[in-house]
Amino acid sequence: MYLSRLILNPRSRRVQRELARPYEMHRSVMRAFPDNLQPGEERVLWRVDEHPNLGLTLLVQSHDAPDWSWVAAEDRLTALEEPNPAMKQFDVTPTAGQSFAFRLRANPTKRMARGAAEGAGKRVGFYKEEEQLAWLTRKGEQHGFRVSRVQISPDEKLKQDAAIRRDDTTHKLELLSVQFDGVLVVTDPARLVQAIEGGIGSGKGFGCGLLSLAPVRG
């Protein structure tokens with residue numbers, strides 16, 4: 001897999017617009033990849049972080065190497081002495097019982113039962129912290145890890161201005177975004193690798209689902 005890091009220019013009108021409309025950011029990210037990616041064979045995941053030294057940082061994880069040449073012609077990136085964008089290839093080989101620091105920005109939701117009288121099949125968000133923690137615990141059981149400790153950031157509602165047409169009607173999207181930071185313990189390495197490659201939860205086109213791991217410090 002490949003991990004790209006792009007330090008964004010916060011003064012760029014394009015960047016400001018895409019931060020306000022994350023699906024537009026998704027569309028820009030996908031310009032670095034072929035148009036014929038097959039669903040289920042290639043999952044591109046991304047997330048925007050606020051780096052303490054570098055500022056707004058776009059992380060992009062992919063199975064194939066992206067082509068960021070188009071970025072240089074636009075004002076999206078901050079000029080740095082170090083490479084920007086930067087890219088590295090990596091492999092994930094966790095072992096059972098191993099601990100990692102993790103970050104996950106996710107869209108914690110559940111789908112209403114088909115037989116529900118109102119809102120059947122609709123996704124609804126978990127807004128209480130205990131519900132979000134329970135959601136993460138279930139995802140851990142599903143994806144091969146156990147949460148040892150975690151900090152949950154305040155909720156964000158990302159209001160999407162990108163128009164989505166359904167039944168000849170334009171709908172605005174409202175997405176609940178929650179950031180989890182903490183330490184996890186690997187319980188099933190193979191399932192954890194699948195979760196890293198495929199992402200966790202819904203809202204992946206809006207910058208959710210990328211699970212980042214790092215060595216535990218201290």
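Three aromatic pairs are counted in this structure, where rings of Phe, Tyr and Trp (its six-membered ring) pair if their centres lie within 6.5 Å, with planes under 30 degrees apart counting as stacked, over 60 as edge-to-face and the rest as tilted. The model is predicted, so local features need pLDDT of at least 70 and side-chain atom pairs count only at pLDDT 80 or more, while totals for chains, interfaces and linings use all residues. Residues are numbered from 1 along each chain as its sequence is written, and side-chain values use heavy atoms, with hydrogens and water left out.

**Aromatic rings**

- The ring centres of Tyr-23 and Phe-206 lie 5.4 Å apart and the planes stand at 40 degrees, so this pair is tilted.
- Because Tyr-23 lies in helix H2 (residues 22-29) and Phe-206 in the loop between helix H4 (189-198) and strand E11 (211-214), the pair ties together parts that are 183 residues apart in sequence; helices (H or I, at least four residues) and strands (E, at least two) are DSSP runs, numbered from the N terminus.
- Tyr-23 is partly exposed, with a relative accessible area of 33%, whereas Phe-206 is buried at 16%; buried means under 20% relative accessible area, exposed over 50%, and partly exposed in between (1.4 Å probe, protein chains only).
- Trp-68 and Trp-70 form another tilted pair, with 6.5 Å from centre to centre and 45 degrees between the planes.
- Trp-68 is buried, with a relative accessible area of 10%, and Trp-70 is buried too, with 15%.
- Arg-31 lies over the face of Trp-70, at 4.0 Å from the ring centre, where a charge sits over a ring if NZ of Lys or CZ of Arg is within 6 Å of the ring centre and within 35 degrees of the ring normal.

**An open sheet**

- Four strands form an open sheet in the order E2-E3-E1-E4, with antiparallel pairing; two strands pair if DSSP finds at least two bridges between them.
- Strand E2 (45-51) and strand E4 (86-89) are the edge strands, each pairing on one side only.
- Strand E1 (residues 2-7) and strand E3 (residues 55-62) run antiparallel and are joined by six bridges, and the bridge partner of Ile-7 in E3 is Thr-57.
- In the loop between E3 and E4 lies Pro-85, which is joined to Asn-84 by a cis peptide bond with omega of about 10 degrees.

**Nonpolar cores**

- The largest nonpolar core has 21 residues, of which Phe-102, Leu-104, Trp-135, Phe-180, Leu-184, Ile-200 and Leu-211 touch the most other members; a nonpolar core is a set of buried Ala, Val, Leu, Ile, Met, Phe, Trp, Tyr and Cys residues joined through side-chain atoms within 4.5 Å.
- Two or more residues of this core come from each of strand E5 (99-106), helix H3 (129-143), strand E8 (145-152), strand E10 (169-186) and H4, and E10 gives the largest share, five residues.
- Apart from this core lies another, of 17 residues, among them Val-15, Ala-32, Leu-56 and Val-60.

**Ile-152 and its surroundings**

- Ile-152 lies in strand E8 and is buried, with a relative accessible area of 15%.
- Not counting residues up to four places away in sequence, Ile-152 touches Glu-129, Gln-132, Leu-133, Val-178, Gln-179 and Phe-180, where contact means heavy atoms within 4.5 Å.
- The C-alpha atoms of Ile-152 and Gln-132 are separated by 8.3 Å, although these residues are 20 residues apart along the chain.
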